[in-house]
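The following exercises ask the reader to examine a protein model step by step. Each task is followed by a worked solution.

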Amino acid sequence: MAEAQKRFVRVYETTYLLKAETPDDQVEEIKERLRAVVGREGGKVIRFTNQGKRKTAFPVAKQAKALYMHCLYVGRPGLVAEFERNLKMIDSVTKFESVRLADDVDFDARQVEADVKVAPVEEEQRPRAEFGERTEEGFEPGFEERGEE
């Protein structure tokens, strides 16, 4: 009879891009602001993941690189609209996308996890040789060496 009422919510994730030159202290301010928005709307942030500075598939805000951030959180449906409204007000946010991952998840069952910072991706600095150019290993194979005519 005295069984606690379970509160069911949805699980969301939002990935947002910050300008590549955004300083670390400003990144932390943005995270705390978004964490406060989720708390104010009755939700809970599970984890923030800083995926580091990466090259984008196409220029975003005329920049080839961006700082990728990921937020996993739970809450009611109206939470996403408020979360995205706050992202639009932050000047250093260039792009974002939110996705619903699951419905009817017990609010108390999802535990808060520590924030994660992913190690930066090592980019290959060696330029690619043009067809038929001499490289450190020798010549780039031409038609004759590949067996083509």
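**Exercise 1. Contacts and overall composition**

Among contacts in the protein between residues at least 6 apart in sequence, what percentage join residues at least 24 apart?

*Solution.* The model is a predicted one, in which local features need pLDDT of at least 70 and side-chain atom pairs count only at pLDDT 80 or more, while totals for chains, interfaces and linings use all residues. Residues are numbered from 1 along each chain as its sequence is written, and side-chain values use heavy atoms, with hydrogens and water left out.

Step 1. A contact means heavy atoms within 4.5 Å. Of the contacts between residues at least 6 apart in sequence, 73% join residues at least 24 apart.

Step 2. Helices (H or I, at least four residues) and strands (E, at least two) are DSSP runs, numbered from the N terminus. The protein has three helices and seven strands, and along the sequence their pattern is β-α-β-β-α-β-β-β-β-α.

Step 3. A residue is buried under 20% relative accessible area, exposed over 50% and partly exposed in between (1.4 Å probe, protein chains only). Of the 149 residues in the protein, 34% are buried.

**Exercise 2. The sheet**

*Solution.* Step 1. Strands of a sheet pair through backbone hydrogen bonds, either parallel or antiparallel. Two strands count as paired if DSSP finds at least two bridges between them.

Step 1. Strand β1 (residues 8–19) pairs with strand β4 (residues 93–106) in the antiparallel sense over 10 bridges. Within this pair, Phe8 has Asp106 of β4 as its bridge partner.

Step 2. Strand β1 is also joined to strand β3 (residues 63–75) by 10 bridges, and these two strands run antiparallel. Here Glu13 has Leu72 of β3 as its bridge partner, and Lys19 stands opposite Ala66 in β3.

Step 3. The order of the five strands is β4-β1-β3-β2-β5, with mixed pairing. Strands β4 and β5 (116–117) stand at the edges with a single partner strand each, so one side of each has no neighbour in the sheet.

**Exercise 3. The nonpolar cores**

Which residues have the most contacts inside the largest nonpolar core?

*Solution.* Step 1. A nonpolar core is a set of buried Ala, Val, Leu, Ile, Met, Phe, Trp, Tyr and Cys residues joined through side-chain atoms within 4.5 Å.

Step 1. The largest such core has 19 residues, and those with the most contacts inside it are Tyr16, Leu18, Leu34, Tyr73 and Phe83. At least two residues of this core come from each of β1, α1, β2, β3 and α2 (78–89).

Step 2. A second, separate core has seven residues, including Val9, Val11, Ile46 and Phe107.

Step 3. Residues up to four places away in sequence not counted, Leu34 touches Tyr16, Phe48, Phe83, Asn86 and Leu87.

**Exercise 4. Positive phi values**

Describe the location and accessibility of Lys62 and Asp104.

*Solution.* Step 1. Most residues other than glycine have a negative phi.

Step 1. Lys62 has a positive phi of about 65° although it is not a glycine. Lys62 is placed in the loop between β2 and β3 and counts as exposed, at 81% relative accessibility.

Step 2. Asp104, also not a glycine, has a positive phi near 50°. Asp104 lies in strand β4 and counts as exposed at 61% relative accessibility.
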